[in-house]
Amino acid sequence: MEDYLSLFETYDVLAAFWVNIQLSFWAAICALIIGTVLALFRISPIPSLQWFGAAYVNIFRNTPLTIILAFGFLGLFSVMQISLAADLNASLFRIAIVGLSVYHAAFVCEAIRSGVNTVPLGQAEAARAIGLSFLPAARLIILPQAFRGAIAPLGNVLIALIKNSTVAAAGSVATEASSLMKTMIEFRSDLVIPIFLTFALGFVILVIPIGLLTTWASRKLAVAR
Amino acid sequence: MRKTRYAAAAVAAVAALTLSACGGGDSPESEGGGGGEGGGETLRIGIKFDQPGLGYDEGGSYSGFDVDVAKYVAAELGVSEENIEFVEAPSANRENLLANEQVDMIFATYSITDTRKETVDFAGPYFVAGQDLLVPTDSDITGPEDLEGKNLCSVTGSTSAQKIKDQYPGVQLVEQPGYAECVTAMGGGQIDAVTTDDIILAGLAAQEANAGKFKVVGNTFSEENYGVGLPKGSDRCGDINSAITKMIGDGSWEEAITSNTEGADYTYNAELNPPTPEPCA
């Protein structure tokens, strides 16, 4: 037990989880924005935009996240020499956020589209009848109801995103939790199982409140019909 | 339907984390398969599959210095080559493989340390490596002191990465899942040097795709004693040590190093090599 507690003096486990939270936070915001725009594309009356939305979702949803993040490091950073910050590690951190965002945007788009499906067709017809064109109808009538219907699936995407943030290790964000776990196992091989359980527990603690919160919010905010 | 998909994504995320911790933990068909056929005793040996020059999977056959030493030692123990079963032993998983007796011994750039001695036994060392730098052929970096402000790449969670963080805080360290990614990035010009044990670097530099592009600096700044990992309480240590001593004595050891680092312009640290195996506990 003393051995185990000494781990926390040598290694800053909370700081590592904080990196995952930061990655998830920024990626969630970017993914929500990109995903909403994509969902608009997919429900828009313009075929080329519909096609673009569908193509984006199918490409990014079906590409392994590790490959997207490894491409961020090997492709964007190494070969194309793209830098998003003056500091090397800050730059890699931002590239990882871009990778996480474009991947999860595909799932956010589909979650919102599922929310749109909960809005009865009559709502869109009524919006059209009072003279609203596509964008105002989407902004004022469809999306507000769609988001309320999409809270549970969006929560699921957020949960997946938090756990997927460990894949940022493939994009050279080596301060995050799974990388610290590797380091700890390398140096304290005598405590492999306690170390592993610590990190598993850490993610459970992060994720359970989100699950509870989204379940509660999806009930509370659902549009009563 | 849609819910299933997200649930699947979440499950996949958990699985990825679990697998990254226990990767290679299931050694396929290792149990029960051997004994009956062939008659001879089989030996399950853990090696790296992804380190050219040391332990490398070339589509079913294995090459490298660790593999050559493993084969020699197995032969001395009376196990012929076809009765050796090579199992992948990633760094984070070596202690588990031994503790669960999924392998009989490990030759996988396994440094002997006091922490590890608490959970496993070691024979050897059969090689003394040292942390060094791999740089492009035209680079003027000659040691870790030249790295201030430079971009250095190493593997996430490795001893080499930790040493750089502790001793050379001015270095910009990039950590990647594998050395191959580091070397690719160095080829692109964004990374100035790659660091780990000298013989691993030599193996990378000797790869066909990298021939002539990189050089090992040859200025080691640590000492890593590569030992043979054994389950706690194993009785094979003494026999392995005498096999290693014999291998060094008859020249096969020297030959194994030369042939596996050919083309890398690499010479091992002759002050520390060849090592004398430590007495068994």
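Residues are numbered from 1 along each chain as its sequence is written, and chains are lettered from A and ligands numbered from 1 in the order in which they are written. Since the model is predicted, local features need pLDDT of at least 70 and side-chain atom pairs count only at pLDDT 80 or more, whereas totals for chains, interfaces and linings use all residues.

Let me begin with confidence. The model scores ipTM 0.75 and pTM 0.78. Residues 18-38 of chain B are a stretch where pLDDT stays under 50. For that stretch the model has 19 contacts beyond four places in sequence, two residues being in contact if their C-beta atoms, placed from the backbone, lie within 7 Å.

I turn now to chain A. Its secondary structure comes to 10 helices and zero strands; helices (H or I, at least four residues) and strands (E, at least two) are DSSP runs, numbered from the N terminus. Along the principal axes, the C-alpha atoms of chain A fill a box of roughly 70 × 45 × 30 Å.

Axes here are lines fitted to C-alpha atoms, for helices over the stretch in contact, and angles run from 0 to 180 degrees between N-to-C directions. Angles under 35 degrees count as roughly parallel, over 145 as roughly antiparallel, 65 to 115 as roughly perpendicular and the rest as oblique. A crossing is left-handed if the near helix is turned anticlockwise from the far one by less than a right angle, and right-handed if clockwise.

Helix 2 of chain A passes helix 5 of chain A in a right-handed crossing, and their contact has 19 nonpolar, four polar and two charged residues. In this classification Ala, Val, Leu, Ile, Met, Phe, Trp, Tyr, Cys and Pro count as nonpolar, Asp, Glu, Lys and Arg as charged, and the others, Gly among them, as polar.

Helix 2 of chain A also meets helix 3 (residues 47-61) of chain A, where the axes come within 7 Å and cross at roughly 130°. The two are therefore oblique to each other, and their crossing is left-handed. From helix 2 of chain A come A:Leu38, A:Phe41 and A:Arg42, which meet residues of helix 3 of chain A including A:Leu49, A:Phe52 and A:Tyr56. This contact divides into seven nonpolar, two polar and one charged residue.

How do helix 5 and helix 8 of chain A pack? Their axes are 9 Å apart, at an angle of about 165°, which makes helix 5 of chain A roughly antiparallel to helix 8 of chain A. The crossing is right-handed. Among the residues making the contact are A:Leu100, A:His104 and A:Phe107 of helix 5 of chain A, and A:Pro153, A:Leu154 and A:Val157 of helix 8 of chain A. By class, the contact has eight nonpolar, three polar and no charged residues.

A:Ser172, in the loop between helix 8 and helix 9 of chain A, has a phi near 70°, a positive value in a residue other than glycine.

Finally, chain B. An automatic or database domain assignment sets the bounds, giving domain 1 (4-9 + 41-129 + 224-266) and domain 2 (131-216) of chain B. Taken over C-alpha atoms, 24 Å separate the centres of these domains. Their contact takes 19 residues from domain 1 of chain B and 15 residues from domain 2 of chain B.

Two peptide bonds of chain B are cis: B:Gly124 to B:Pro125, with omega near 10°, and B:Asn273 to B:Pro274, with omega near -10°. B:Pro125 is in strand 7 of chain B, whereas B:Pro274 is in the segment after helix 9 (252-260) of chain B.

Notes:
pLDDT is the predictor's confidence in each residue, from 0 to 100.
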